[in-house]
Amino acid sequence: MIIDDQHYDVIIVGTGAGGGTLARKLAASGKRILLLERGDAMPLEEQNISDVDIFQKQRYHAPEQWYDGDGEPFTPQMKYAIGGNTKIYGAALQRMRERDFETVNHQDGISPEWCLKYADLEPYYTEAEALYQVHGQAGVDPTEPSRSGDYPYPAVDHDPTIQPVVEGIAKQGCHPYPLPMSLSLRDDDPTGDAEVFGVNPALDFGNVTLKTSARVTGILTNPTGTAARAVQAEVNGQPYIFMADIIVLACGAINSAVLLLQSANEKHPHGLANSSDQVGRNLMKINMSSIVEVTAQPNSGKFPRSVGINDYYWGSDQFDYPMGHIQNMGGVLQDAIFAESPPVLSLITKFMPNFGLKQLATRSIAWWTMTEVLPDPKNRVEVKGDKLTIHFAANNAEAHDRLVYRWLDLLKAVEKDSSLFSRSGMHPRGEVPLPVMANQCGTCRMGSDPATSVLDINCRAHELDNLYVVDSSFFPSSASVGPALTVIANALRVGDHLLERLK
Ligand SMILES: Cc1cc2nc3c(=O)[nH]c(=O)nc-3n(C[C@H](O)[C@H](O)[C@H](O)COP(=O)(O)OP(=O)(O)OC[C@H]3O[C@@H](n4cnc5c(N)ncnc54)[C@H](O)[C@@H]3O)c2cc1C
């Protein structure tokens with residue numbers, strides 16, 4: 001065991017949306033900051049997913065085995081790299097709505113209130129959009145929350161493939177809006193992510209150190225268990241101990257919970273910060289189904305995501321409960337999750353036996369329909385020895401189905417009106433399977449009551465004075481829009497708290 005001879009002010013474990021952003025926020029303080037990242041830099045050719053065969057199954061799966069609730073092994077779709085899952089994400093960065101922070105009645109139960117409100121986060125959403133160069137247009141989405149300013153960059157134009165579809169959707173009475181997207185504006189790596197906007201600029205400061213291939217395996221506390229003292233890590237396979245005044249976990253919702261559970265000690269027999277038995281529980285990931293339309297003419301298969309629809313976010317004239325969000329996928333050749341989406345295979349085998357996957361990709365316009373999953377303590381991360389089990393059964397299924405079928409009906413109406421689609425245009429749909437871990441959140445929820453939550457309003461563990469979690473674990477409820485912008489904004493908010501504390 002090597003004990004690192006440096007003493008850091010802050011150790012951040014993980015460099016994704018939460019960790020990478022926090023590093024950037026703290027960097028200019030001059031404090032000694034250590035970033036520990038289990039992955040490495042993702043090679044540029046691998047990032048440029050439009051140039052490779054994304055249909056190669058399991059391309060973005062982590063090299064480890066987890067188990068589902070029935071004991072079946074699977075490899076999770078996640079990226080361990082500098083930038084974390086933002087290296088493979090869709091980069092649609094959207095704010096949650098004001099009501100998402102309040103108690104909302106869903107068809108399947110209650111989405112609980114946050115102790116943090118939209119107004120508290122609004123300045124940080126603004127800061128996050130500036131930092132991640134979000135391109136968007138205010139004032140078009142009817143559910144848009146109030147904003148203190150416009151987007152920092154104008155929305156991207158719709159590709160000619162999608163423009164007439166957007167017009168058709170508007171003709172049906174919906175309000176399609178330009179999907180807010182993070183763009184780096186670099187030719188070689190156009191997507192904005194936590195490496196580009198978080199880690200790299202943080203490393204420009206001499207007081208920030210990054211160690212890669214550094215997998216944190218445990219957190220050590222003081223003898224009374226009231227504060228975290230050090231982290232144990234394997235750096236290139238070699239065991240290390242690193243010490244700091246403040247330790248921040250940002251490993252993603254599943255891995256941060258795993259780390260806390262694996263760090264059980266005499267004072268924390270059920271896992272660190274887990275007297276409430278809430279660590280690892282309430283795992284959420286958004287209900288997502290993909291819908292594929294087949295076009296008469298081929299397209300590039302590489303056009304960007306650019307349109308969102310929230311007309312059914314809070315329900316419809318036939319359904320009084322929230323239904324969710326819809327966005328186009330962009331060219332199917334660019335979408336990492338889509339490669340695993342059941343409709344692709346069912347389309348080919350059932351309806352289009354003469355089509356290859358790539359041929360299909362260049363004749364497709366595809367959509368994600370996304371509905372909030374409600375927190376359920378039975379949906380959880382469980383650690384027994386080295387075995388990690390994910391118990392997860394999606395809920396709020398009827399609301400999701402209604403969104404899917406509402407959207408199918410609308411697309412059919414658009415198609416009737418258009419020569420864009422082949423006569424055999426069809427819309428099989430399918431939900432993403434368990435191994436797709438996109439949008440995971442909620443395993444260390446934030447709240448004011450230590451009996452029912454893990455973190456306080458500053459994302460500090462109720463039970464340990466200097467231990468924080470700034471990834472998507474803190475969500476008390478999910479929403480129907482992707483979580484990344486909220487993770488980023490929250491990391492900036494917690495960053496302000498830490499800067500004050502470190503003074
Ligand atoms: C294919 C895909 C598409 C997506 N598209 C969108 C989208 O368009 N919009 C949106 O809002 N969200 C999207 N998401 C979700 C988004 O990427 C996540 O919400 C976001 O990255 C979560 O940030 P995080 O900080 O919680 O975790 P991550 O970004 O996953 O970062 C966790 C980091 O911790 C590291 N790590 C884990 N364990 C350890 C350990 N033990 N020791 C050291 N390091 C560790 C990981 O390597 C990683 O770098 C998508 C996700 C995927 C997978």
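**Around the ligand**

An oxygen atom of the ligand sits 3.2 Å from a polar backbone atom of A91. That is a polar contact, a pair of N or O atoms within 3.5 Å; within protein, one must be able to donate a hydrogen and the other to accept it, and residues adjacent in sequence count only if both atoms are side-chain atoms. The model is predicted: local features need pLDDT of at least 70, side-chain atom pairs count only at pLDDT 80 or more, and totals for chains, interfaces and linings use all residues. Numbering runs from 1 along each chain as its sequence is written, and side-chain values use heavy atoms, without hydrogens and water.

V216 faces a nitrogen atom of the ligand, with a polar backbone atom 2.9 Å away. On its own the ligand has 1000 Å² of accessible area (Shrake-Rupley method, 1.4 Å probe). The protein covers 96% of that.

Which elements give two or more residues to the shell around the ligand? They are α1 (17-27), β12 (214-221) and α10 (484-502). Helices (H or I, at least four residues) and strands (E, at least two) are DSSP runs, numbered from the N terminus. The largest share, three residues, comes from β12.

Now turn to a helix. In α5 (residues 194-203), eight of the 10 residues are buried, meaning under 20% relative accessible area (1.4 Å probe, protein chains only). Among them are V196, F197 and V199. At the start of α5, a side-chain oxygen of D193 comes within 2.9 Å of the backbone nitrogen of E195.

Methods: Buried means under 20% relative accessible area, exposed over 50%, partly exposed in between (1.4 Å probe, protein chains only).
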